[in-house]
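Let's take a walk through this protein, from its domains to its pockets and a few residues worth a look. Keep the model open while you read.

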Amino acid sequence: MPLLEGRHHLVVPCSPGIAPFLSREIRELGLPVIAEQATSITSRGNFDEALKLNLHLRCGQRVLWRLSAFKAENADQLYEKLMPLPWDELVPVDGYFSVTSVVDNPTIRDNRFANLRVKDAIVDRLRRLTGRRPDSGPRRDRLVFYLFWKKDEARIYLDTSGPTLARRDYRLDPGKAPLRETLAAALVMASGWSGKGSFINPMCGSGTLAIEAALLALNTPPGLLRQEYSFQFLKGYRSLRWRELKAAARRRRRPDRRLRIIASDIDPKMIAVARENAARAGVDEVIEFLLCDFASTPVPETPGVILCNPEYGSRLGAEEELKKTYRRLGDFFKQKAAGYEAFVFSGNPALMREVGLKPEKKLKFDNGGIPCELASYPLYAGRPAGA
Ligand SMILES: C[S@@+](CC[C@H](N)C(=O)[O-])C[C@H]1O[C@@H](n2cnc3c(N)ncnc32)[C@H](O)[C@@H]1O
């Protein structure tokens with residue numbers, strides 16, 4: 001069967017802590033979840049559905065389309081199994097591709113050797129058929145193939161996304177210590193905010209949380225913003241289906257007047273950056289940006305969610321200052337936010353204790369290699385918070 005026809009395994013990697021939210025997204029898009037691992041979800045679908053995942057997923061890293069699964073004990077066997085695949089269906093002879101991999105095979109010391117054998121198989125197949133060969137190298141901005149090889153079990157995928165789906169193309173200036181867009185989206189989902197009522201994001205930095213919240217509330221898939229995907233470099237790629245999927249998604253966008261998103265930061269540069277990012281994401285009209293200390297952020301009467309990501313830096317001397325910030329954050333929640341559910345995302349448990357409220361829940365995530373937690377504080381109206 002041609003490599004892009006029929007139903008194939010679709011694997012979507014994610015960073016630790018995100019899998020439950022990614023799994024929900026995949027099911028809500030009408031696709032099955034056939035395996036949930038700590039850092040990936042496996043589904044199954046046709047190629048149109050792979051495109052749909054690229055367009056809609058908020059917290060997945062990439063969409064891998066399984067081309068083949070086979071046994072290979074060493075690199076020669078890997079080559080022998082890969083060579084006969086009809087690569088000419090996927091790779092234009094004048095195209096460019098790269099190979100990435102995760103390898104845990106006793107005969108391979110350096111992944112680059114396995115990647116090279118995958119590349120050889122593809123190039124040799126095309127050269128044999130056409131007398132010409134495509135280019136290949138480390139750049140991941142064209143076609144990307146991904147090898148997963150553990151012991152003698154090998155799987156080869158087309159990475160339909162290419163650069164990570166965290167790259168939405170709305171954030172040109174990331175500011176300082178920005179959250180990855182996929183993580184920000186997962187945190188908004190974890191807050192349980194339904195897209196109605198208020199979403200308050202003090203200490204917004206480059207605005208990632210507020211922007212992801214706005215995209216979610218407006219039912220705008222993040223893929224609408226991004227220009228390029230690996231699948232667009234497939235041989236014979238026709239953009240019609242992708243344009244149809246995007247048009248259908250645009251029709252389903254829902255402006256909601258009951259929505260109120262407020263983002264604030266004390267640094268004027270960050271507010272300017274956040275505004276620009278929101279404008280590029282097409283959501284600047286639904287976010288109110290304010291330059292102020294977090295404690296002066298207005299909290300509308302209609303309750304909702306307060307989600308913030310204060311600094312948790314390890315700079316010497318900064319810790320005492322940050323302790324005060326976390327303490328004041330707790331006071332802000334208690335004094336101004338009754339009826340809301342507040343969330344603090346941080347990588348410093350000692351600082352989090354300074355908030356002075358008992359978290360109802362703590363969820364673990366990973367932020368660029370730093371273990372972090374999202375702590376939730378329900379601030380019940382009518383009785384002292386944290387009591
Ligand atoms: C870790 S960054 C937030 C990053 C953000 N989540 C993003 O994705 O870009 C923390 C932000 O808190 C802001 N900040 C620090 N102290 C503040 C205060 N007292 N009031 C308001 N904002 C403050 C900083 O200017 C910085 O932009």
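Predicted model: local features only at pLDDT ≥ 70, side-chain atom pairs only at ≥ 80, totals over all residues.

Residues are numbered from 1 along each chain as its sequence is written, and side-chain values use heavy atoms, with hydrogens and water left out.

**Domains and core**

The chain's domain assignment gives domain 1 (8-159) and domain 2 (181-219 + 255-378); such bounds come from an automatic or database domain assignment. Their C-alpha centres sit 36 Å apart. Ten residues from domain 1 and 14 residues from domain 2 make up the contact, where contact means heavy atoms within 4.5 Å.

Which residues have the most contacts inside the largest nonpolar core? They are Trp87, Phe145, Ile287, Phe333 and Phe365, in a core of 122 residues. A nonpolar core here is a set of buried Ala, Val, Leu, Ile, Met, Phe, Trp, Tyr and Cys residues joined through side-chain atoms within 4.5 Å. Buried means under 20% relative accessible area, exposed means over 50%, and partly exposed is in between (1.4 Å probe, protein chains only). Helix H6 gives the most to this core, with eight residues. Domain 1 and domain 2 both give residues to this core, so it lies between them. Helices (H or I, at least four residues) and strands (E, at least two) are DSSP runs, numbered from the N terminus.

**Two pockets**

A pocket is found on a 1 Å grid over the protein atoms alone: it is an open set of points where a 1.4 Å probe fits, with protein on both sides within 12 Å along at least five of seven lines, and lining residues have an atom within 4 Å of a point. Grid points are joined across faces, edges and corners, and a volume is the space filled by probe spheres set on the points.

| Pocket | Volume | Lining | Nearest the centre |
|---|---|---|---|
| Largest | About 900 Å³ | 32 residues | Lys176, Met203, Asn309, Pro310, Glu311 |

In the largest pocket, H9 supplies the largest share of the lining, six residues. By class, that lining has 14 nonpolar, nine polar and nine charged residues. The classes go like this: Ala, Val, Leu, Ile, Met, Phe, Trp, Tyr, Cys and Pro count as nonpolar, Asp, Glu, Lys and Arg as charged, and the others, Gly among them, as polar.

For the second largest pocket, H1 gives the most to the lining, with four residues. By class, this lining has seven nonpolar, three polar and seven charged residues. It draws at least three residues from each of domain 1 and domain 2.

**Helix H1 and His56**

In H1, the buried residues are Ala19, Phe21, Leu22, Ser23, Glu25 and Ile26. Among the elements covering them are strand S1 (8-13), H2, helix H5 (181-190) and strand S14 (361-367). Just after H1, Gly30 takes a positive phi of about 90 degrees.

His56 is part of helix H2. Is His56 buried or exposed? At 14% relative accessibility, His56 counts as buried. Setting aside residues up to four places away in sequence, His56 touches Glu25, Leu29, Pro221, Pro222, Ala249 and Arg252.

**A few loops and a helix residue**

Leu234 sits in the loop between H6 and helix H7 (240-251), and at 7% relative accessibility it counts as buried. Beyond four places in sequence, its contacts are Leu4, Phe47, Leu90, Pro92, Leu143 and Leu158. Leu234 and Leu215 are 19 residues apart in sequence and 29 Å apart in space, C-alpha to C-alpha.

Thr208, in helix H6, counts as buried at 3% relative accessibility. Apart from neighbours within four places in sequence, Thr208 is in contact with Tyr170, Arg171, Leu179, Glu181 and Ala184.

Two non-glycine residues have positive phi values. Asp169 has a phi near 75 degrees; it lies in the loop between strand S8 (153-159) and H5 and, at 26% relative accessibility, counts as partly exposed. Met203 has a positive phi of about 55 degrees and belongs to the loop between strand S9 (197-202) and H6.
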